[in-house]
Amino acid sequence: MGSGDDELVDDFPEQFRSYSENEKHWQARRSFILRNVPPEDGTVLSPLRVDQLLSLSMVWANHLFLGCSYNKALLDKVTEMAEGIEVEDAPHFTTRDEIMKKNQQ
């Protein structure tokens, strides 16, 4: 594959940026998408696989930036998929269960 192919891969996720997504959130989600695109072996993502990847990227971003909660298996999956992606100044959220546990002590 030539150097033009690298540009195609890098530009691939741009079409999926949400209008309301700020730059910090988009760059993190873009990294997630690029990290999980198949290797450059000619494999083409089916429309279903693209939809799954985009959905998982939103789950990860919503959990990371908005504190949304999902079931453990899904969070484990997206956390593994995002391994190695560094996000500066990511917020930290305290869950209701953590607050309740702290108040019981």
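Predicted model: local features only at pLDDT ≥ 70, side-chain atom pairs only at ≥ 80, totals over all residues.
I started with Arg29: buried or exposed? Arg29 comes out buried, with a relative accessible area of 2% (buried is under 20%, exposed over 50%, partly exposed in between, using a 1.4 Å probe and protein chains only). Residues are numbered from 1 along each chain as its sequence is written, and side-chain values use heavy atoms, with hydrogens and water left out.

Arg29 sits in helix H2, residues 23-35 (helices are DSSP runs of H or I with at least four residues, strands are runs of E with at least two, numbered from the N terminus). I then listed what Arg29 touches, skipping neighbours within four places in sequence: Phe16, Arg17, Ser18, Glu21, Leu54, Ser57, Met58, Trp60 and Ala61 (contact means heavy atoms within 4.5 Å).

Ser57 lies in helix H3 and counts as buried at 0% relative accessibility. Outside four places in sequence, Ser57 contacts Arg29, Phe32 and Ile33.

Next, the overall fold. I count five helices and zero strands, and along the sequence the pattern reads α-α-α-α-α. Buried residues make up 25% of the 105 residues. Of the contacts between residues at least 6 apart in sequence, 57% join residues at least 24 apart.

Then I looked at one helix pair. How do H3 and H4 pack, and at what angle? H3 (residues 47-66) and H4 (residues 72-81) pack at about 95°, with their axes 10 Å apart (axes are lines fitted to C-alpha atoms, for helices over the stretch in contact, and angles run from 0 to 180 degrees between N-to-C directions). The two are therefore roughly perpendicular (that label covers 65 to 115 degrees; under 35 is roughly parallel, over 145 roughly antiparallel, the rest oblique). From H3, the residues involved are Leu53, Leu56, Val59, Trp60 and His63, and they meet Leu74, Leu75, Lys77, Val78 and Met81 of H4. By class, this contact has eight nonpolar, one polar and one charged residues (Ala, Val, Leu, Ile, Met, Phe, Trp, Tyr, Cys and Pro count as nonpolar, Asp, Glu, Lys and Arg as charged, the others, Gly among them, as polar).

Of its 13 lining residues, His63, Gly67, Cys68, Phe93 and Thr95 are the closest to the centre. The lining splits into six nonpolar, six polar and one charged.

Last, two loop residues. Ser69 is in the loop between H3 and H4 and is exposed, at 64% relative accessible area. Its C-alpha is 8.8 Å from that of Thr95, 26 residues apart in sequence. Asp89, in the loop between H4 and helix H5 (96-104), counts as exposed at 67%.

Methods
1 Å grid on protein atoms, 1.4 Å probe; cavity = no way out; pocket = protein on both sides within 12 Å on 5 of 7 lines; lining within 4 Å.
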